[in-house]
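Have a look at the model before reading on.

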Amino acid sequence: MVPQERDTFSGKFGIIAAAAGSAVGLGNIWRFPYVAGENGGGAFLLVYLSFIFVIGVPVMLSEFVIGRKAQLNAFGSFKKLAPDKPWYIIGLMGIVAAFLILAFYTTIAGWTLEYLYQALTNGFNGKSSDELRATFESFRSGSVKPIIWQLVFMGLTAAIVLAGVKKGIEKYAKILMPLLVLLIIIMSIRSVTLPGAAKGLEFLFKPDFSKITWKVALEALGQAAFSLSIGMGALITYGSYIQKDNKLTTTALQVSIADTSIAILAGIMIFPAVFAFNIDPTEGFGLVFIVLPNIFQQMVGGYFFSILFFILLAVAALTSTISVLEVVVAYFVEELKMTRKVATLVGASSIAVIGVFCTLSFGPLSETTLFGKTIFGLFDWTTANLLLPFGALLIVLFLGWYLGKKVITDELTNGGTIKVRILGALVFIIKFIAPIAISLVFLYSLGIIKL
Ligand code: PHE
């Protein structure tokens, strides 16, 4: 068989833009504020930041190494690097995670499209905080509108994935991401200058150590994994498109720093406004959607900014959903020998069907619960807090212990051609620190070990 030529990213900025495009999305702007709000603010932020560096960066690096070495999709990479060993289970778990994430993520992504529509039609104008909340609640508990938006979003994702890695994924990430950052900064300035805003900054940055519990630790670990797009092979798949001369350590560090800074900026944009408008920080899934229109109301040029913001938010979500769908599509194409077109259609449409149930969890199916969570809540919680961290654990174990130091050194130094100063420390973190840290959080937070 003649090996099919694989698509690669065009250069350094292309890789960073695509990987950061995957990482930066609703995880930063929608999920981070709601999870931080529910888990004590400052205490959560502190634990979250430590996990980003002790666990997140090494796992991201490990995914890049595995993908670039194997030059295959997430499942195929393990099959190739560990023939006849069951490590490919990590790849299968990743595909399951991709299905579940995309199913609930497109619900929220659909909300951003509705909000873009409302922004365009000047729908926030003149509404009080209570009215804005009521509009949101009546929208999300409906069926037809949120489902249509969800399907539109899934269609957009599929269209870009269909175009292929370079033409599709890279092009969109490059231009619009920096613009999003700029806009969040402008909105943060408005938010922190609102009367009563100081309380929000205090909530976000002043850790109350008594609030740090194992449950908070698990939520922080899950948020770190979700936000960095690690633990399910999205970055193994992207790693397989990275050129051989790229310095992976720098790329992983830059992507993680960009992602984390944007989450913190989103916090600075949201929490001061939360307190200024008397909104409950533990509001949950709807937090950002209730807070943002209030900020636009108080801004000079709010109409213009609201349109721009929701366009950029939708694009940020899109660069993330394409990386999730790409996991599924690359697997279908390379392992099940489908054409890219069939793979994209089959993947996107089957996930869309599951996704509809997530959307309906805010309306007709809101009473359908398991362990006290709706379908949406269950998908969100289990993927972020169980599947991704568990996948991350297996990934560092695979690289650190199965492939071992020589492979790590070889990939990180590009075959000895570049110097990586912190190489020894990285190997140590991948082999010991990251797996131990993840295991401890699991064992204690799930009550497997009791203090
Ligand atoms: N990191 C993305 C976000 O923050 C979501 C995502 C999770 C993407 C897992 C890929 C894999 O929005």
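Start at Ser229: one of its polar side-chain atoms lies 2.9 Å from a nitrogen atom of the ligand. That makes a polar contact, which is a pair of N or O atoms within 3.5 Å. On its own the ligand has 320 Å² of accessible area (Shrake-Rupley method, 1.4 Å probe), and the protein covers 100% of that.

This is a predicted model, where local features need pLDDT of at least 70 and side-chain atom pairs count only at pLDDT 80 or more, while totals for chains, interfaces and linings use all residues. Residues are numbered from 1 along each chain as its sequence is written, and side-chain values use heavy atoms, with hydrogens and water left out.

Now step back to the shell around the ligand. There are 15 residues around the ligand, each with a heavy atom within 4 Å of it. Ala23, Gly27, Tyr105, Phe226 and Ser229 come nearest. Sorted by class, the shell has seven nonpolar, eight polar and no charged residues; here Ala, Val, Leu, Ile, Met, Phe, Trp, Tyr, Cys and Pro count as nonpolar, Asp, Glu, Lys and Arg as charged, and the others, Gly among them, as polar.

Finally, over to Phe64. Phe64 is buried, at 0% relative accessible area, where buried means under 20% (1.4 Å probe, protein chains only). Phe64 and Ala252 are 188 residues apart in sequence, yet 8.1 Å apart in space, C-alpha to C-alpha.

Notes. A polar contact is a pair of N or O atoms within 3.5 Å; within protein, one must be able to donate a hydrogen and the other to accept it, and residues adjacent in sequence count only if both atoms are side-chain atoms. Buried means under 20% relative accessible area, exposed over 50%, partly exposed in between (1.4 Å probe, protein chains only).
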